[in-house]
2 protein chains.
Amino acid sequence: MRGGMDREGDGEGKGGGDCCDMRGMLGFLILFLLSKKPMHGQELAGEIAIRKGEKKLSPGTIYPALKGLKELGFIVEERDGKTIVYSLTDKGEKALKLAKRKFIKTFFGIFPE
Amino acid sequence: MRGGMDREGDGEGKGGGDCCDMRGMLGFLILFLLSKKPMHGQELAGEIAIRKGEKKLSPGTIYPALKGLKELGFIVEERDGKTIVYSLTDKGEKALKLAKRKFIKTFFGIFPE
DNA sequence: TTATATATATCGGATACCCAATATCTATAT
DNA sequence: ATATAGATATTGGGTATCCGATATATATAA
């Protein structure tokens with residue numbers, strides 16, 4: 001038995017969460033956020049935590065994801081003191097644009113007018 | 001110019017598919033589509049194929065997904081001749097509402113104004 | 001009845017995502 | 001130089017998602 005799933009409010013627990021965990025959208029979300037503002041890893045993890053209403057992603061999640069995007073040539077890194085700032089390459093911009101189009105087409109109509 | 005469909009697929013990979021495969025969003029997508037119109041399995045698979053611009057989901061994907069949602073009490077089935085029509089329960093509507101809220105919050109700003 | 005076509009259901013395996021724990025690196029302070 | 005704190009990186013493992021193939025069910029046609 002799963003104790004109620006009705007808890008609301010800020011926590012939202014797994015939030016909306018018995019039907020999907022948004023697994024598989026992390027790379028997309030990172031590209032999107034970096035396209036708005038270059039950030040370093042922990043800053044990114046914090047932003048994602050706020051948006052999803054969850055705890056910060058584990059280092060074992062965020063850094064391999066960044067590494068993957070870097071190996072695809074979608075982002076580049078630049079050291080800035082103690083941190084590494086990631087930003088989109090032209091190729092990354094292009095990939096994001098395509099991914100966005102597919103995303104919007106797939107979920108068309110899901111947003112309130 | 002700009003005639004026709006977006007060509008996803010050739011060239012640099014899978015077109016937006018290099019950064020995410022939307023794995024984990026299937027249950028959410030099904031709930032959303034069924035909330036707009038009750039459908040049977042193959043109809044649903046066809047609608048999803050059109051939205052994603054891909055081939056129809058394999059039976060091994062769509063039916064287990066529907067079974068899972070049924071076991072969660074989010075959808076019910078009703079036989080209609082040769083097919084089985086799925087529709088949302090009250091619990092499913094509620095879960096969709098929560099999931100939508102999280103989805104919108106997570107991807108806020110991703111849509112062109 | 002049998003044959004055919006379509007929808008539904010299940011099984012085995014491959015893939016990819018994500019986390020917890022651990023290790024390495026960098027800059028600053030002492 | 002060492003110590004400390006924070007950021008970054010890697011490893012190992014659990015789990016859910018998804019596909020291809022196969023099996024079952026239903027309705028229609030002959």
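1. Which residue of chain A forms a salt bridge with Glu54(B)? The partner is Lys102(A), with the closest N and O atoms 2.6 Å apart. A salt bridge here is a side-chain nitrogen of Lys or Arg within 4 Å of a carboxyl oxygen of Asp or Glu, and the count between chain A and chain B is 2.

2. A quick word on the basis: this is a predicted model, where local features need pLDDT of at least 70 and side-chain atom pairs pLDDT 80 or more, while totals for chains, interfaces and linings use all residues. Residues are numbered from 1 along each chain as written, chains are lettered from A and ligands numbered from 1 in written order, and side-chain values use heavy atoms, leaving out hydrogens and water.

3. On to the protein–protein side. Contact (heavy atoms within 4.5 Å) links 45 residues of chain A with 44 of chain B. About 4,400 Å² is buried between them, 68% of it from carbon and sulfur atoms; that is accessible area (1.4 Å probe) lost on putting the two parts together, summed over both.

4. Now DNA strand D. Among the atoms of DNA strand D within 4 Å of the protein, 63% belong to sugar or phosphate and the rest to bases. The side chain of Tyr63(A) has an N or O atom 2.7 Å from a phosphate oxygen, and a polar backbone atom of Gln42(A) is 3.1 Å from a phosphate oxygen.

5. Chain B reaches a base: an N or O atom in the side chain of Arg23(B) is 2.7 Å from a base oxygen of DNA strand D.

How values were computed. A residue is near a molecule or strand if one of its heavy atoms lies within 4 Å of it. A polar contact is a pair of N or O atoms within 3.5 Å; within protein, one must be able to donate a hydrogen and the other to accept it, and residues adjacent in sequence count only if both atoms are side-chain atoms.
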